[in-house]
Structure formats: structure tokens, C-alpha cells
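Please have the sequence and the coordinates open while reading.

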Amino acid sequence: MITPRRTAWTLAGLYTMGIVTSFPVFYSGSLFLEWKTDPLSNRTVLVMGMSAYYAEVATVNTVSVASLFLTSFVIIVLTTIVLTAVLNKKSKWRQRSGNYSKNGSKHYGNRDITLSTTIVLL
């Protein structure tokens, strides 16, 4: 199920979503670098400046990041439920199958229960 190609596409998608969500803050010019004079040290330093509309852009950015977080959390919960259900179904199928002895069937059932519990806890 986890192949190198799927992993690469998933990581590319995650990086793209990260860039897309932080892009408006920098594209709109609400954050920028500027030179300011520090009178205490008598030096000119490079500082990050904020425009007057930074609060509005930051609010939109925060809402988009929060919605992405919530969406990914829901996806993780749903896929965990599906994975656990499929594991339980396969375990029951193995127990009904005539290919295993009584001891082997019980062993596979315990292993699947332990695996399902571990997945849910993670």
C-alpha cells in the first residue's frame, strides 16, 4: 500500500499545501524586510516589517491552516477506522477458514487484535 511513488506524491502534496497556505502572507507584502536604524547601538539593522493590513492577511492564513489541520485530522481518524475494520474482517475470515488449526487461528486472531489496538493508539 505504501510505495515509493505514493510516498513521493504524498510528500510533494504536503509541501505544496504548506507553501500555498503561507504564500499569501509573503505575496501580499504584509511581511517584508527593511533596514532600520537602532539609535542605542548606532547601527543599521535588517528587520522584518509588517504592513498595516498584516492582521487581515494573518487571519486568513490562520483560518486556512486551521482548516487544513482539521481536515487532515478527520482524514486520519477515518482511515484509521477503515484500517481497523478491514483488519477485523480479515481476522474473522482467517478464523472461519479451514486452512488453519485451532491454535493457529487463535494465534492470528490475537495478533490482529494487538495490531488493531496498536494502530488505534498510535
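Lys36 and Glu34 join their side chains in a salt bridge, at 3.8 Å from N to O; the term stands for a side-chain nitrogen of Lys or Arg within 4 Å of a carboxyl oxygen of Asp or Glu. The model is predicted, so local features need pLDDT of at least 70 and side-chain atom pairs count only at pLDDT 80 or more, while totals for chains, interfaces and linings use all residues. Residues are numbered from 1 along each chain as its sequence is written, and side-chain values use heavy atoms, with hydrogens and water left out.

**Salt bridge**
- The structure holds 1 salt bridge.
- Side chains of opposite charge can pair when their charged atoms come close.
- Lys36 is partly exposed because its relative accessible area is 43%, and Glu34 is partly exposed at 25%; buried means under 20%, exposed over 50% and partly exposed in between, with a 1.4 Å probe and protein chains only.

**Fold**
- The chain contains 3 helices and 2 strands, where helices (H or I, at least four residues) and strands (E, at least two) are DSSP runs numbered from the N terminus.
- Along the sequence these elements follow the pattern α-β-β-α-α.
- Of the 122 residues, 15% count as buried.
- Met48 belongs to strand S2, residues 43–50, and is exposed because its relative accessibility is 54%.
- Met48 and Phe32 are 16 residues apart along the chain, and their C-alpha atoms are separated by 5.6 Å.

**Surface patches**
- Lys89, Lys90, Lys92 and Arg96 form a positive surface patch; patch residues have over 30% relative accessible area and no salt bridge, with like charges joined within 9 Å and nonpolar side chains (Val, Leu, Ile, Met, Phe, Trp, Tyr) within 5 Å.
- Lys89 sits in helix H2, residues 54–96, and counts as exposed because its relative accessibility is 63%.
- Leu70, Phe73, Val74, Val77, Leu78 and Ile81 make a nonpolar surface patch of about 550 Å², an area that comes from the Shrake-Rupley method with a 1.4 Å probe.
- Leu78 is also found in helix H2.

**Record annotation**
- An unreviewed UniProt entry annotates residues 12–33 and 53–86 as "transmembrane region"; such annotations may be inferred rather than shown by experiment.
- Residues 12–33 are 73% helix and 14% strand, with end C-alpha atoms 29 Å apart.
- Residues 53–86 are 97% helix and 0% strand, with end C-alpha atoms 50 Å apart.

Terms used
Lys and Arg count as positive and Asp and Glu as negative; His and the chain ends are not counted. The place of a charge is taken as NZ of Lys, CZ of Arg, CG of Asp or CD of Glu.
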